[in-house]
Amino acid sequence: MKTTLKYILRIGLPLLLAGVILHWMYSGVDWGAVWAALEGGMNWWWMLLSMPFGISAQVFRALRWRVVLKPMGENPRLSTCCNSIFLSYASSLAIPRVGEVLRCGVLNRQDGVSFSRLVGTVMSERVVDMLMVLLISSFTFLVEIPVFVRFCKYTGVSLDGLLHTFTSAGYLVAGACLLVALVTGVFIIYKLNVFSRTRTVIRELQSGLLSVFRLKRPFWFFFHSVGIWVSYYLHFYLTFFCFDFTAHLGPMVALVAFVVGSFAVLVPTPNGAGPWHFAVKTVLVLFGVSAVNGAMFALLVHSIQTLLVALLGLYALAAIGLDKRRIVPDASTHTENP
């Protein structure tokens, strides 16, 4: 009963949060205008051009994972790494954050890599990703200070006035998102402490965590890390050219929206649904896009990119199912550090 309730809460609360935010944002939307955009009001060629970058971001992540596993004597197939990444992102559409565990399970089952070590590498990768986001965020903030000042000057909007235009519902949503993100972080730390009680698991987790400091090819780790985030950015930026009201905004505005959206997806909803829409729409409104168009942009871009994630997950599921080569891990080779 307790386990069932836990899973209901784990799946239901993120969906409820996403649903509340989306309902709040789109309750008065003109769905006829959205449908018109899908039928011919948007440039689909730019959307199609952005799709390969959504795929390359995940492929770069698989390549980087292999680089991290090399120092531990692990050499999984690239195809398995890619499929595990594809499947992890797709599965997180249903249950937020479950993909991190799932991709470790796929690599353990298909190529015999130690599960505990894999969890350690995923944790170290997440630290690196967070550092990358902080670097990109710092750069964006420093570069965009003059732009923001000019925006306030030419539009006559003061910072105090801008904050007052942010409705009480907007503050409530932002606060709820921050609270959920904090609770999720505490829960993950608790789970990792429970998971790390045995001596063997602790050693292998440590091995995975420290793998970044024992890289045999640090250049490629850095190259793949940059490739991940450049791909994510281009996957998002190119969609600006799909619409007349965002095509003129330029790469730096897209970078601001990208950074804010990157923090929004930390809130555990399926693929950031809700918080991401709210964050991107707010940034677009800040740079002169109407609230209606900003909301429509967020809805269409997020929906189409989420569909790509789901399709990649289905491909990975089929590929894993057809893969007859499975390596059973040898327990004796994974109980101690190499």
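The legends below describe close-up views of a predicted model.

Local features need pLDDT of at least 70 and side-chain atom pairs count only at pLDDT 80 or more, while totals for chains, interfaces and linings use all residues. Residues are numbered from 1 along each chain as its sequence is written, and side-chain values use heavy atoms, with hydrogens and water left out.

**View 1. Overall fold.** The protein has 14 helices and zero strands (DSSP runs numbered from the N terminus: helices are H or I, at least four residues; strands are E, at least two). Of its 338 residues, 45% count as buried (under 20% relative accessible area; exposed is over 50%, partly exposed in between; 1.4 Å probe, protein chains only).

View 2. Asp129 and Arg61 meet in one of them, at 2.8 Å from N to O. Asp129 belongs to helix 6 and Arg61 to helix 3 (residues 44-69), 68 residues apart; both are buried. Glu125 and Arg64 form another salt bridge, with 3.5 Å between the closest N and O atoms. Glu125 is in helix 6 and Arg64 in helix 3, so this pair ties together parts 61 residues apart in sequence. Glu125 is buried at 0% relative accessibility, and Arg64 is buried with a relative accessible area of 0%.

View 3. The side chains of Glu100 and Arg126 meet at 2.5 Å, N to O. Helix 5 (residues 98-111) holds Glu100 and helix 6 holds Arg126, so the pair ties together parts 26 residues apart in sequence. Arg126 is partly exposed, at 31% relative accessible area. Through shared partners, salt bridges join Arg61, Arg64, Glu100, Arg103, Glu125, Arg126 and Asp129 into one network.

**View 4. Nonpolar surface patch.** Val127, Met130, Leu131, Leu134, Phe263 and Leu266 make a nonpolar patch of about 490 Å² (residues with over 30% relative accessible area and no salt bridge; like charges are joined within 9 Å, nonpolar side chains (Val, Leu, Ile, Met, Phe, Trp, Tyr) within 5 Å; areas by the Shrake-Rupley method with a 1.4 Å probe, only the protein chains shown counting as cover). Helix 6 (residues 115-155) gives the most to the patch, with four residues. Leu134 is in helix 6 and counts as partly exposed at 40% relative accessibility.

Technical notes: Salt bridge = Lys/Arg side-chain N within 4 Å of Asp/Glu carboxyl O.
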